[in-house]
Amino acid sequence: MLSDPTVQEILMDITNDEKSSVSIIECMLKGKTTDEEIAEETEIRLNIVRRVLYKLYDAGIATYKRSKDPETQWYTYSWNFEQEKVSEIISKKYEKFSREIEESLEYEEENMFFLCRANGHRYKFEEASENNFQCPNCGGSLEYQDNSTIIVELKQMMERIA
């Protein structure tokens, strides 16, 4: 699971520390649960381990149980990696990406576009006609843009993720 590029990307988005995150989670999956055990096993500084664990906790990917040592009266935190939460995050990310592609496809199919070659700005037909097919930014002429290749690419993207 941790070798999956999508999972690594999600961890990087959450922690901004992909290398440490993967090592810490691998250690948790091997049965090390306290931040001290994880730091010792991975040879990552304790403050970095704690920072990553708390970021994972904030994202709902890690949980902890707190227990008090009867002798020292110190609290010990036992951490757990929630693999199913990663799957949920991936599903939500996939759904969002899929929805964005669908919306882009709908936008491209429902509109006619005109392009200013001078600055690369693209305008819908309504805006181009209101400006007499002159670029409102630079005054250059607007030319019809065939967006059929964009539509084909978006449809191919939808097929690939379906």
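A residue is termed buried when its relative accessible area is under 20%, exposed when over 50% and partly exposed in between (1.4 Å probe, protein chains only). The structure is a predicted model, in which local features need pLDDT of at least 70 and side-chain atom pairs count only at pLDDT 80 or more, while totals for chains, interfaces and linings use all residues. Residues are numbered from 1 along each chain as its sequence is written, and side-chain values use heavy atoms, with hydrogens and water left out.

Seven helices and five strands form the secondary structure of the protein; helices (H or I, at least four residues) and strands (E, at least two) are DSSP runs numbered from the N terminus. Their order along the sequence is α-α-α-α-β-β-α-β-β-α-β-α.

The C-alpha trace spans about 80 × 35 × 25 Å along its principal axes. The radius of gyration of the protein is 25 Å, whereas a compact globule of 162 residues would have one near 15 Å; the value is taken over C-alpha atoms, and the globule rule is 2.2 Å times the number of residues to the power 0.38. Of the 162 residues, 29% are buried.

Helix H3 comprises residues 35–42, and Asp35, Ile38, Ala39 and Thr42 are buried in this helix. Viewed down the axis of H3, these buried residues fall within an arc of 100°, so they line one face of the helix; the arc is that of the directions from the helix axis to the C-beta atoms.
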